[in-house]
Amino acid sequence: MNRQEFLRQLAQLLEDIPEAERREALEYYNNYFDDAGPENEAQVIQELGGDPQKAAASLKAEFQSAKTSQKNYGEYSEQGFRDTRIPHNMQTPRPMPSPVNDHTEKQNKGHREFFKDSKTKKIVIIILALAAACSIGVELLGGIIGLVFGLLGGIFGLVFGLLAAVFGLAAGLAGMALATITGGAAMTAAGLVKCITNPALGLLVTGLGLIILAVGILLLISFLWVAIKILPRLARWCWKHLLQFFDWCQEKWKTLKK
Amino acid sequence: MVFNTGAALLDAIVLAVVSRTKEGTYGYKITQDVRQAINISESTLYPVLRRLQKDDCLEAYDMEFRGRNRRYYKITEKGAAQLNLYQSEWKKYSSRITSVLTGSYHV
């Protein structure tokens with residue numbers, strides 16, 4: 001067999017792998033023959049297994065979804081048995097922590113993580129067993145869950161209640177401001193009119209009206225101050241602490257899982 | 001060769017060979033270098049290269065050579081990190097095997 005024949009047969013055998021992969025593989029082997037040089041052509045063919053079957057088989061195993069049975073694709077390592085054609089995290093049974101982690105520290109903790117995982121599982125199993133053992137277990141568990149959710153709900157309620165209270169204050173101020181301003185203005189106007197007929201009384205009413213008007217303006221200013229300055233800051237503060245609380249919960253959960 | 005070279009070890013060897021040159025090497029050269037260490041069939045090597053490339057441990061680039069396109073493979077950062085891991089794992093693994101085989105490992 002010569003190079004052309006080899007490559008031709010190989011191309012034929014690779015018909016059922018994706019087009020792009022086939023093209024690249026053939027280009028690779030073409031290059032390989034070129035780099036080896038014409039004088040090494042026979043040796044290359046021998047290195048490739050003598051006939052295209054072997055090369056085609058290993059390529060197909062790599063790039064096809066339907067796997068052919070290859071006896072050297074099972075491997076025993078200290079992580080247990082694995083099929084080397086399948087990505088590491090899809091092995092069954094799941095292998096122990098392996099070198100394909102990202103960080104070396106994680107690798108060093110790898111074995112520890114494994115044990116801690118089973119420890120958490122043990123704890124959960126023990127709790128469930130105890131709960132099952134006593135008849136009040138289910139209720140107790142339900143009670144605990146209810147308590148946790150109740151606490152969470154209470155915290156949310158507090159936060160939102162606080163926000164609502166301030167909101168209510170602002171609204172109240174606004175309402176009062178509106179009322180007093182209009183009332184005061186009306187009174188002032190009425191007093192001025194009254195001045196025509198009864199100056200003394202008219203002045204009194206006007207004066208009182210102006211005072212009420214002033215109070216109204218003060219209320220308006222307070223409302224504006226609350227609305228513009230306090231509320232946004234308060235909302236942001238509440239949101240920030242809420243997020244911090246979430247993060248804290250997440251961390252606690254993570255350390256619990258570890 | 002008495003012992004079968006598993007996929008992980010093959011990956012490690014290929015990564016080590018490719019990492020020797022910063023600009024990377026081409027397929028034929030990689031094969032020749034790998035075969036200095038282990039007597040492996042070339043037909044198993046291209047799939048390894050392709051898989052490492054897909055896993056972003058190697059990157060491929062083409063360069064013209066004597067009127068044809070030659071594909072070079074060079075190691076990426078992820079590949080270098082992976083190689084590091086393989087190297088430390090191999091140290092531990094091989095020393096344990098050695099001690100078991102030479103009888104110095106006591107259960």
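Helices (H or I, at least four residues) and strands (E, at least two) are DSSP runs, numbered from the N terminus. With that in hand, let's walk through this predicted model, in which local features need pLDDT of at least 70, side-chain atom pairs count only at pLDDT 80 or more, and totals for chains, interfaces and linings use all residues. Residues are numbered from 1 along each chain as its sequence is written, while chains are lettered from A and ligands numbered from 1 in the order in which they are written.

**Chain A**

Chain A has seven helices and two strands. Read from the N terminus, the order is α-α-α-α-β-β-α-α-α. Of its 258 residues, 12% are buried (20 or more other C-beta atoms within 10 Å of the residue's own, with C-beta atoms placed from the backbone). Contacts here mean that two C-beta atoms, placed from the backbone, lie within 7 Å. Among the contacts in chain A between residues at least 6 apart in sequence, 48% join residues at least 24 apart.

Helix 1 (residues 3-13) and helix 2 (residues 19-36) of chain A pack at about 165 degrees, and their axes are 11 Å apart. Axes are lines fitted to C-alpha atoms, for helices over the stretch in contact, and angles run from 0 to 180 degrees between N-to-C directions. Helix 1 and helix 2 of chain A are therefore roughly antiparallel to each other (an angle over 145 degrees). The residues that make this contact are tabulated here.

| Helix of chain A | Residues in the contact |
|---|---|
| Helix 1 | R3(A), L7(A), L10(A), A11(A) |
| Helix 2 | L26(A), Y29(A), N30(A), F33(A) |

**Chain B**

In chain B, three strands form an open sheet in the order 1-3-2, with antiparallel pairing; strands pair if DSSP finds at least two bridges between them. Strand 1 (25-26) and strand 2 (58-65) are the edge strands of chain B, each pairing on one side only. Helix 3 (residues 45-54) of chain B packs on this sheet and touches strand 2 and strand 3, its direction making about 115 degrees with that of strand 2. Two bridges join strand 1 of chain B to strand 3 (residues 68-75) in the antiparallel sense, and T25(B) stands opposite Y73(B) in strand 3.

**Where the chains meet**

In all, 22 residues of chain B are in contact with 23 residues of chain A. On the chain B side, the elements that each supply at least two residues include helix 1 (7-19), helix 2 (27-37) and helix 4 (77-101).

Conventions
Parallel < 35°, antiparallel > 145°, perpendicular 65-115°, else oblique.
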